[in-house]
Each structure stands twice: as structure tokens, then as C-alpha cells.
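Subject: Structure handover, with notes on salt bridges

Dear colleague,

I am passing on the structure below for your own work.

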Amino acid sequence: MRYDVVVVGAGIAGPIVARNVAKEGYSVLLIDKKPAIGAPKQCAEGININVFEKYDIPYDKRFINREIYGAKLYSPSGYELEIRYDKVSGVILERKVFDKMLAFYAARAGADVLARTEALDVIRENGVIKGIKAKHEGELLEIYADVIVAADGVESTIARKAGINTYAPPHEFDSAYEYEMLIEGFDPDMIHLWFGNEIAPRGYVWVFPKDEDRANVGIGINSDNPRTAKYYLDKWLEENNIPAKKLLEINVGVVPVGGFVKELAKDNVVVVGDAARQVNPMHGGGMAEAMEAGTIASKWIVKALEEENLELLKNYTREWWEKDGRRLERVLKIRKAVEKLTDEDLDVFIQVLSGADAEKIAGGDYVEVIKALLKHPKVLMSKRRIALLKELL
């Protein structure tokens with residue numbers, strides 16, 4: 001088999017690359033090891049409304065469960081911070097449908113798509129990568145391509161086989177556990193997040209409504225925690241008298257929250273999405289980041305093919321770090337500071353922050369917020385809090 005580009009992994013980044021490159025008239029093969037693209041999901045399924053227009057994705061009710069108008073944050077002692085908008089700010093997707101539709105859009109643009117096709121290794125000839133070895137329905141395939149895209153998730157076989165350093169220590173990953181379940185008593189127009197060192201160490205518990213009485217209820221904690229994410233989630237449900245008896249689905253996953261890959265293109269191989277650790281370290285969301293990385297990568301793949309100069313792929317690394325990488329490194333700095341907060345600190349900050357402040361912090365635009373906090377009486381009462389905030393400046 002021979003293509004201009006082979007894309008390994010049909011999550012979010014892979015189909016974006018496949019669609020964009022195929023639109024320019026190049027031959028593209030998109031493969032995914034799962035029998036059904038999109039299943040099982042490993043995601044809370046929430047995403048900002050702006051991505052649809054920004055990345056040219058149809059706003060299709062087939063994969064949108066619910067429109068969301070904001071978020072409520074809860075401190076360990078129950079203080080609340082509400083971020084509510086007059087118009088839709090985000091949606092809760094049905095990832096099993098959404099991922100498949102992204103692959104469909106790639107196919108409609110001209111890409112070939114093969115599910116149940118697992119990438120096994122790269123093909124090297126005289127030390128040069130010429131393609132990949134894969135298995136489709138038990139049949140071994142050799143797929144030759146000018147450019148190989150590693151969009152194959154956290155473990156990324158192809159990036160590793162290509163010699164791209166994707167190592168990150170265990171502390172740079174979160175362990176996630178989620179129930180899709182029937183649950184009542186929470187505003188279904190908002191997402192809900194609970195913080196606390198006894199609630200979710202280094203992370204948070206979430207309720208992302210999909211219906212009036214159905215939601216994704218999950219948790220993310222540091223993966224090197226001696227206790228499991230399931231332990232903390234079940235504990236939270238029990239303490240809040242929420243029966244875990246109507247479970248429609250259970251999902252488990254590992255989420256990169258740091259350790260960004262430095263070299264995103266090596267020779268004719270580029271790495272995108274979770275494989276490149278392109279995830280927001282603060283909240284663990286990676287869909288928008290994967291779309292951005294896929295968009296940048298596909299631009300440079302097209303230019304490299306047009307000019308028959310694969311050296312141009314290195315510009316993907318440069319542009320991503322300039323546009324998104326530096327911002328995510330700032331967010332990582334915040335995440336590391338948040339890890340040092342006590343429950344009392346979390347109570348204080350949720351009391352004194354505004355919704356706009358919380359948004360800025362999550363996005364990495366935090367300098368002015370920190371300066372304002374340093375003037376607040378509840379912050380000034382603690383030398384430790386002052387020191388932590390000054391670290392961020």
C-alpha cells in the first residue's frame with residue numbers, strides 16, 4: 001500500500017490532520033486499532049463552543065448531548081464559585097459518535113479509513129523510515145508513506161519506534177475513573193467541579209450533565225497516588241449520598257498533564273495530541289489542544305509535500321511551541337503551584353476569585369489575577385500563600 005500520508009490514530013488530532021491534508025488533494029490513510037472508532041470513550045466529553053467554527057467542524061446534534069452555560073466550582077468546605085453565561089459556552093459531546101464523525105469527515109474529504117488496524121512498527125530501509133507495519137483483521141500490512149503521523153494516544157507506539165522521546169515521569173499523568181450514570185440534584189445546564197486534597201488529590205471530581213438526570217461523573221488524581229481513582233470517586237459518591245446503582249458505562253484512562261514532547265517532528269514522522277502530551281495540565285482537557293496541534297501539523301505537512309522538502313515539518317514544532325506550547329507551560333506552572341495548596345487555601349481562593357479570574361488562570365493568562373490576589377486581605381494573612389503566588393510571577 002502506498003500513500004502520501006498515513007495517520008495512526010483516529011481520536012481527535014488524527015482525523016483533523018487526515019481531513020485537512022486530503023482536502024489538498026494528497027492521498028491519506030487514517031487507521032485506528034479499535035473495531036469501532038470512538039469506542040470506548042476515555043473522556044468527560046465537555047468542550048468549548050468555539051471549536052466548531054474555529055476548526056471547521058459541523059455543529060451536528062447527532063454528537064451533541066447537551067448545551068452548557070457555564071461551570072460551578074466547589075471548595076473542600078463547600079464554598080461555591082459560579083461562572084454562568086447568558087449564551088451557550090460549551091457542549092457535552094457523545095464521543096463515540098463525535099470521533100466517528102471526524103473520521104467520516106476525513107473520508108468525505110478523500111482519505112481512506114481503516115478501523116481495526118493496529119500499527120506495529122515502522123518500516124526502515126537503510127536507516128530511513130519509509131512507512132509502517134500494521135495488522136488489519138489479522139492480516140499483516142506494509143503501508144508506505146512520505147509522512148507518518150503518530151496520533152496513537154498516550155503510549156504512542158509509532159512515536160517511540162520512530163525514536164521520538166515521549167517519556168514523562170509518572171507524576172506527569174493523572175489517573176481517571178468515570179461512571180456514566182443516573183444522577184439528580186445538579187443544575188443540568190452547568191458542569192460541576194469539586195476540589196480538595198481529601199476529595200481528589202491534585203485533581204477534581206466532575207459531574208458533566210448529558211440529560212436532566214444523566215451525567216458523566218468522574219475523577220482525576222495524580223497517577224502515582226497510593227490509592228486508586230476509583231477509591232476516591234466511590235468515597236465521594238458515598239459521602240454525598242449518591243447511589244452508584246444505575247451505572248450505564250464505566251471508563252478508565254490515563255491523562256497526560258505535563259511532560260510536553262519537545263521534538264514534535266523527526267525526519268518524516270510528526271506526533272500530535274495525547275501522544276505529544278498536548279493537554280491542558282490544569283483541567284486535563286485535550287480535545288481543543290489536539291485540534292490546534294492537528295491544524296498546525298497538517299499545514300506543514302501540506303507545505304512539505306508541495307515543496308518536496310520534509311525539512312519543513314520541523315516548522316510544526318516551532319509554530320506549536322510559539323502558539324500553544326508556551327501557554328501550556330504557563331498552565332503547567334500553575335498546576336505545580338496548586339499541588340502545594342492546602343484545603344484551607346482552596347477554600348480561600350474559591351471565595352475570593354471571580355469567574356473571570358478562574359477562566360484566565362485555567363487558560364494560562366494569570367499574571368494580572370495573581371497581582372490582584374496579592375492585595376487581597378485573606379491572601380495577605382498567609383506568608384505561605386504570598387510565597388506561592390509570587391513563585392508564579
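Asp60 has a relative accessibility of 14%, so it falls under the 20% limit and counts as buried. Please bear in mind that the model is predicted.

A second pair is formed by Glu180 and Arg214, whose side chains meet in a salt bridge at 2.7 Å, N to O. Because Glu180 lies in strand β12 (residues 173-182) and Arg214 in strand β15 (residues 214-222), this pair ties together parts that are 34 residues apart in sequence. Glu180 is buried, with a relative accessible area of 6%, and Arg214 also counts as buried, at 16% relative accessibility.

In helix α5 (residues 229-239), Asp234 and Lys230 are 4 residues apart, which means that about one helical turn separates them. These two residues form a salt bridge in which the closest N and O atoms are 2.6 Å apart. Asp234 is partly exposed, its relative accessible area being 24%, and Lys230 counts as partly exposed at 35% relative accessibility.

Salt bridges that share partners also join Lys41, Glu45, Glu94, Glu180, Lys210, Asp211 and Arg214 into one network.

With kind regards

Methods. Residues numbered from 1 in each chain as written. Predicted model: local features only at pLDDT ≥ 70, side-chain atom pairs only at ≥ 80, totals over all residues. Heavy atoms only, no water. Buried < 20%, exposed > 50% of the residue type's maximum accessible area, 1.4 Å probe, protein only. Salt bridge = Lys/Arg side-chain N within 4 Å of Asp/Glu carboxyl O. Helix = DSSP H or I, 4+ residues; strand = E, 2+ residues; numbered from the N terminus.
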